[in-house]
Amino acid sequence: METLEKRVNSFFRELRKEGFIAKRNVRSCCRSCVDLGAKDDQPVLWSFGGQGHAVSIKGNSAYWTDSPEYNAQTIEKIYLYHDELFTDGKVNDNGRKVSDLMRKHGLSFEMWHSESKAIVLNMV
Ligand SMILES: [Zn+2]
């Protein structure tokens, strides 16, 4: 199987081809200030970078890149926030596209309920 790095990159690239806004390590002061420039109804999937936090995936491991003392620690999961993947509390076609693509690329994840608007992507 391809490395985690390649699989995650392919997953994000394919989502963008499908018309999603799909970005990692989005920087802003907090989650509510994030502006991804999405059009109405455009599905989005992104991870929060805060003020300098960044997760770097190299080969089969994920690391924090912002803090040297943490560089040696691997990260077990990242949270992907989303919008327009659920309709009336149920996974819609966009959400199914996300889970299908994750499976296609051999990614391990937990699709959360619409209220939390987050998917856990396991770094394995
Ligand atoms: Zn803010």
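**β8 and β9.** The strands β8 (108–111) and β9 run antiparallel, with four bridges joining them. I take strands (E, at least two residues) and helices (H or I, at least four) as DSSP runs, numbered from the N terminus. Two strands pair if DSSP finds at least two bridges between them.

A note to myself before going on: this is a predicted model, in which local features need pLDDT of at least 70 and side-chain atom pairs count only at pLDDT 80 or more, while totals for chains, interfaces and linings use all residues. Residue numbers start from 1 along each chain as its sequence is written.

**The sheet.** Next I followed the strand order and found an open sheet of five strands, β1-β2-β5-β9-β8, with mixed pairing. Its edges are β1 and β8, each of which pairs on one side only. From one strand to the next, the twist averages 25 degrees; axes here are lines fitted to C-alpha atoms, for helices over the stretch in contact, and angles run from 0 to 180 degrees between N-to-C directions.

**The β3–β4 hairpin.** I then turned to β3 (residues 55–58) and β4 (residues 61–64), which pair in the antiparallel sense over four bridges. K58 stands opposite S61 in β4. Two residues lie between the strands of this hairpin, and G59 in the turn has a positive phi of about 60 degrees.

**Positive phi elsewhere.** I looked for residues other than glycine with this feature and noted N25, at about 55 degrees. N25 sits in strand β1 (residues 21–27). My scale is buried for 20 or more other C-beta atoms within 10 Å of a residue's own, exposed for 12 or fewer, and partly exposed in between, with C-beta atoms placed from the backbone.

D41 also has a positive phi, near 70 degrees, and is not a glycine. D41 lies in the loop between β1 and β2 (44–50), and it counts as exposed with 8 C-beta neighbours inside 10 Å. I also took the separation of the C-alpha atoms of D41 and V55: 28 Å, for residues 14 apart along the chain.

**Helix α2.** Buried in α2 are N94, G95, V98 and M102. They cover an arc of only 105 degrees around the axis, so they lie on the same side of α2; the arc is that of the directions from the helix axis to the C-beta atoms. D93, R96, D100, R103 and K104 are exposed on the other side. Among the elements covering the buried residues are α1, β6 (86–87) and β7 (90–91). After α2 comes G106, with a positive phi near 65 degrees.

Leaving aside neighbours within four places in sequence, I found A22 in contact (C-beta atoms, placed from the backbone, within 7 Å) with F12, L15, R16, L45 and W46.

Technical notes: Contact = placed C-beta atoms within 7 Å.
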